[in-house]
Amino acid sequence: MNESVTEVATSVHPDGGVVVGDDGSRDAVEALRYARDEARRRSCTLHVVRAWSITTSPRPDDVPTGIVPSLAEYEQATLDAERERVEDCLGGDPGVPVEIHAVHCPAAQALIEASLTADVLVVGSRGRGGFRSLVLGSVAEQCMRHAAGAVIVVRRPRL
C-alpha cells in the first residue's frame, strides 16, 4: 500500500461543491463527466464518492493469497482503483479540483449523507442493478427522495 488508511470512512461531508456517485457502470461515466462540467460552471470542487463493501472492492494487490485483507487495505485498494478510473474517464487535467472518497456503506446512504453539505448531488440514472427495464435505478430513486438538496440525474444516451 502506498498511502496508509488509518480509519475506514463510513461517510463523507464535503464543504460544498458537486458530489457525484460512481459505481463503475457505464451510466456512471456520463454522470462523472456531467458533474465535472457542473463543477466547472460553479467553479468548485468535484467530489467523487465510491461506496464499497468487501464484495465490491478490488482485492488489494499487496496482500498475499490466503491472507484476508483488513478493511483499511480494501479501502485503499478501492481508492486506488477509483483514482485510476476517474483519470481514465475525465483525463489527466479535468479543469477542476477533484477529491476521491471511498465510503464503506451502501451507495444511497453515502450519497444522501454527502448531500447534507454539498451544493448539488449528481447520479447516473441506472447503475449495476440487474433490472434493465427500469428507467431509474434504486440508488438514483433513493437520492431523489431523500437528498438534502438538489439532485441531477444523468441519463446515458441509448443507441
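**Entry 1**

I began with Asp 27, which counts as buried because its relative accessibility is 5% (buried means under 20% relative accessible area, exposed over 50%, partly exposed in between, with a 1.4 Å probe and protein chains only). I found Asp 27 in helix α1. Helices here are DSSP runs of H or I with at least four residues, strands are runs of E with at least two, and both are numbered from the N terminus.

What does the side chain of Asp 27 make a polar contact with? I looked, and the partner is the side chain of Ser 125, at 3.4 Å. A polar contact is a pair of N or O atoms within 3.5 Å; within protein, one must be able to donate a hydrogen and the other to accept it, and residues adjacent in sequence count only if both atoms are side-chain atoms. Ser 125 sits in the loop between β4 and α4, and at 1% relative accessibility Ser 125 counts as buried too.

**Entry 2: ground rules**

I note that this is a predicted model, in which local features need pLDDT of at least 70 and side-chain atom pairs count only at pLDDT 80 or more, while totals for chains, interfaces and linings use all residues. Residues are numbered from 1 along each chain as its sequence is written, and side-chain values use heavy atoms, with hydrogens and water left out.

**Entry 3: the fold**

I counted up the secondary structure: four helices and five strands. Along the sequence, the chain reads β-α-β-α-β-α-β-α-β.

In what order do the strands form the sheet? I wrote down β3-β2-β1-β4-β5, an open sheet with parallel pairing (two strands pair if DSSP finds at least two bridges between them). β3 and β5 (151-154) are at the edges with a single partner strand each, so one side of each has no neighbour in the sheet. From one strand to the next, the twist averages 25 degrees.

I then checked the pairing around β1. Its parallel pairing with β2 runs over four bridges, and three bridges join β1 to β4, also in parallel. Val 19 has a bridge partner on each of these strands: His 47 in β2 and Leu 121 in β4.

For the helices, I noted that α2 lies across β2 and β3, at about 140 degrees to β3. α4 (residues 138-146) lies across β4 and β5, at about 160 degrees to β4. Axes are lines fitted to C-alpha atoms, for helices over the stretch in contact, and angles run from 0 to 180 degrees between N-to-C directions.

**Entry 4: the cores**

I looked for nonpolar cores, meaning sets of buried Ala, Val, Leu, Ile, Met, Phe, Trp, Tyr and Cys residues joined through side-chain atoms within 4.5 Å. The largest has 22 residues, and those with the most contacts inside it are Val 18, Val 20, Leu 32, Leu 46, Val 48 and Val 122. At least two residues of this core come from each of β1 (18-21), α1 (26-42), β2 (46-51), α2 (71-90), β3 (98-103) and β4 (120-124). Another core lies apart from it, with 17 residues, including Val 12, Ala 51, Ala 108 and Ala 118.

Is β2 covered on one face or both? I see both covered: Leu 46, Val 48 and Arg 50 on one side, and His 47, Val 49 and Ala 51 on the other, are all buried.

**Entry 5: two loop residues**

I stopped at Cys 105, in the loop between β3 and α3 (107-115). At 12% relative accessibility, Cys 105 counts as buried. Beyond residues up to four places away in sequence, Cys 105 touches Thr 10, Ala 51, Trp 52 and Ala 110.

Ser 43 lies in the loop between α1 and β2 and counts as exposed, because its relative accessibility is 68%. I flagged its phi, near 55 degrees, a positive value in a residue other than glycine. Most residues other than glycine have a negative phi.

**Entry 6: whole-chain totals**

Of contacts between residues at least 6 apart in sequence, 74% join residues at least 24 apart.

Note on methods
Contact = heavy atoms within 4.5 Å.
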